[in-house]
Amino acid sequence: NGIVPGPEFRVTEGDKVRVILKNEMAQSTSIHWHGLRIPNKMDGVPFLTQPQVKSGETFTYEFTAVNPGTHMYHSHHNAAEQVSSGLLGSFIIEPKDKSREPQVDADYVWVLNDTTLGFTINGKSFPYTQPVMAKKGQKIRVRYMNEGFMIHPIHLHGVPQLVFAKDGYYLPVPYLCDTVNVAPGERYDVLIDCSDDLSVGVWAYHCHILTHAESRHGMFGMVTVLIVQE
């Protein structure tokens, strides 16, 4: 739809979803719903579960949002070119039962990519990336999803991250860390608690493979900041 990443889908568990793909490119494509539990014929893999959607054609995907969590969608045809060029996005299924969901003041989605568009967060490279904002006493949720070809260890300065879900599933034992290693195809949900005085400030927040984030001229690429205000 002319934006990178593509439009975010955010639905509730049990919702019925219909997506009409109209291919206006010069090459075939499809949509794979990465992580969603859906009927096989809706999985979006040409030559396996459906025909390729050729230039000028349409294809309708219909399914029920069954498994809550942080998921993705992307092309599954000539994917190395199409996904790296921006045919990707987030698909969030909110649970009906929110008893295990953390109470947060903001919910950020990070789509990581590392190829045609450079080292990007939501299609942007630093200094054009969106900062993560909070006030002291607030809690922030960040959803990492890796749509690239490389591993990205996401490191937050100053404030620990509580990792509580992976690939849309709650972890039996959440854990604290300052670096979350996100491999291609993986999704992690983290909670950032900005409740104490030490959390206040402007904190670097970046991939810790340094060639993805820093050069002799300064920071670039897969970098942003966490800004915690009094």
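A residue counts as buried here when its relative accessible area is under 20%. Keep that cut-off in mind while looking at this predicted model, because E101, at 12%, falls on the buried side of it.

Start with the overall picture. The chain has 1 helix and 19 strands. Its radius of gyration is 18 Å, close to the 17 Å that the globule rule gives for 230 residues, so the chain is as compact as a globular protein of that length. Buried residues make up 48% of the chain. If you take the contacts between residues at least 6 apart in sequence, 73% of them join residues at least 24 apart.

Now for the charges. Side chains of opposite charge can pair when their charged atoms come close. The chain carries 19 positive and 24 negative charges, with mean positions 5 Å apart, and the salt bridge count comes to 15.

One of these pairs R18 with E62, with the closest N and O atoms 2.7 Å apart. R18 sits in strand β2 and E62 in strand β4, so the bridge ties together parts that are 44 residues apart in sequence. R18 is exposed at 59% relative accessible area, while E62 is partly exposed at 42%.

Back to E101: R141 forms a salt bridge with E101, again with the closest N and O atoms 2.7 Å apart.

Terms used: Residues numbered from 1 in each chain as written. Predicted model: local features only at pLDDT ≥ 70, side-chain atom pairs only at ≥ 80, totals over all residues. Heavy atoms only, no water. Helix = DSSP H or I, 4+ residues; strand = E, 2+ residues; numbered from the N terminus. Rg over C-alpha atoms; globule rule 2.2 N^0.38 Å. Buried < 20%, exposed > 50% of the residue type's maximum accessible area, 1.4 Å probe, protein only. Contact = heavy atoms within 4.5 Å. Lys, Arg positive; Asp, Glu negative; His and termini not counted. Charge placed at Lys NZ, Arg CZ, Asp CG, Glu CD. Salt bridge = Lys/Arg side-chain N within 4 Å of Asp/Glu carboxyl O.
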